[in-house]
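Colleague: I'd like to learn how to read a model like this one, feature by feature. Could you walk me through it?

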Amino acid sequence: SVNAKLKKMPVIKGFIAGDTASKAMDEFYDSKTKANTDYTDAKFKYSETKMTSKQQKELEYLKSINSIYNKAYNDIKDIDDQMDDISKSARKDEYKKTMLDKLKKQKDKIAEETKKEADKIKAKNTLITQAELKEKLK
């Protein structure tokens with residue numbers, strides 16, 4: 001079959017064999033989608049009312065998480081473009097594989113660093129929320 005022949009080609013093998021996305025990238029895309037949805041929903045939810053201070057903080061928090069993922073997504077898209085260029089180049093397959101592996105690792109690193117950055121913001125937001133709660137309980 002054509003698919004079996006393609007799987008034997010070193011550069012294409014990784015793309016067809018289902019080894020294209022790492023766990024870090026899967027989680028990145030899931031988190032990016034969630035961040036975008038949460039921010040969009042909150043903007044819509046608060047668009048018709050005058051926001052309270054707490055709602056403004058929530059919206060700013062969601063916006064910051066969404067922004068982190070959007071910036072990382074643009075960086076990853078740039079790497080994807082480089083990967084496409086390398087795949088289409090007339091270079092030897094061994095060179096292509098080496099370069100594609102390096103770029104894939106760069107994408108994974110961006111995904112992992114983005115998650116850490118988002119987790120820090122989430123933790124900070126949680127601490128603020130807990131502090132506000134303690135203040136209200138006094």
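**Charged pairs along the helices**

Modeller: Let's start with Lys115 and Asp119, whose side chains form a salt bridge at 2.9 Å, N to O. The term stands for a side-chain nitrogen of Lys or Arg within 4 Å of a carboxyl oxygen of Asp or Glu. This is a predicted model, in which local features need pLDDT of at least 70 and side-chain atom pairs count only at pLDDT 80 or more, while totals for chains, interfaces and linings use all residues. Residues are numbered from 1 along each chain as its sequence is written, and side-chain values use heavy atoms, with hydrogens and water left out.

Colleague: How far apart are Lys115 and Asp119 in helix 5?

Modeller: The general idea is that an α-helix has 3.6 residues a turn, so residues three or four places apart point the same way. Here, Lys115 and Asp119 are 4 residues apart in helix 5 (residues 93–137), so about one helical turn separates them. Helices are DSSP runs of H or I with at least four residues, strands are runs of E with at least two, and both are numbered from the N terminus.

Colleague: And how exposed are Lys115 and Asp119?

Modeller: Lys115 is partly exposed, with a relative accessible area of 39%, and Asp119 is partly exposed too, at 33%. The classes are buried (under 20% relative accessible area), exposed (over 50%) and partly exposed (in between), with a 1.4 Å probe and protein chains only.

Colleague: How many salt bridges does the count come to?

Modeller: The count comes to 7. Among them, Asp75 and Lys71 meet at 2.9 Å, N to O; both lie in helix 4 (residues 53–88), 4 residues apart. Asp75 is partly exposed at 28% relative accessibility, whereas Lys71 is exposed at 54%. Another is the pair of Lys23 and Glu27, at 3.9 Å, N to O, with both residues in helix 3 and about one turn of the helix between them. Lys23 is exposed at 63%, and Glu27 is partly exposed at 34%.

Colleague: Which lysine is buried yet has no salt bridge?

Modeller: In general, side chains of opposite charge can pair when their charged atoms come close. Lys32 has no such partner: it is buried, and the nearest side chain of opposite charge, Asp30, is 11 Å away. For charge, Lys and Arg count as positive and Asp and Glu as negative; His and the chain ends are not counted. Lys32 belongs to helix 3 (residues 23–46), whose buried residues also include Phe28, Ala35 and Tyr39.

Colleague: What is Lys32 in contact with, leaving aside its neighbours within four places in sequence?

Modeller: Its contacts (heavy atoms within 4.5 Å) are with Tyr69, Asn70 and Tyr73.

Colleague: How do I read the nonpolar core?

Modeller: In soluble globular proteins, nonpolar side chains tend to be buried together. A nonpolar core here is a set of buried Ala, Val, Leu, Ile, Met, Phe, Trp, Tyr and Cys residues joined through side-chain atoms within 4.5 Å. The largest one has 22 residues, and Phe28, Ile65 and Tyr69 touch the most other members. Helix 3, helix 4 and helix 5 each give it two or more residues, and helix 4 gives the most, with 10.

Colleague: Where is confidence lowest in the protein chain, and where is it highest?

Modeller: Confidence is given as pLDDT, the predictor's value for each residue, from 0 to 100. Helix 2 (residues 10–16) is lowest, at a mean of 47, and helix 4 is highest, at 94. Residues 12–19 have pLDDT below 50, and this stretch has 13 contacts in the model beyond near neighbours in sequence. Where pLDDT is low, the predicted coordinates should not be read in detail. For the protein chain the mean is 83, with 78% of residues at 70 or more.

Colleague: And the overall pattern?

Modeller: The protein chain has 5 helices and 0 strands, and buried residues make up 22% of its 138 residues.
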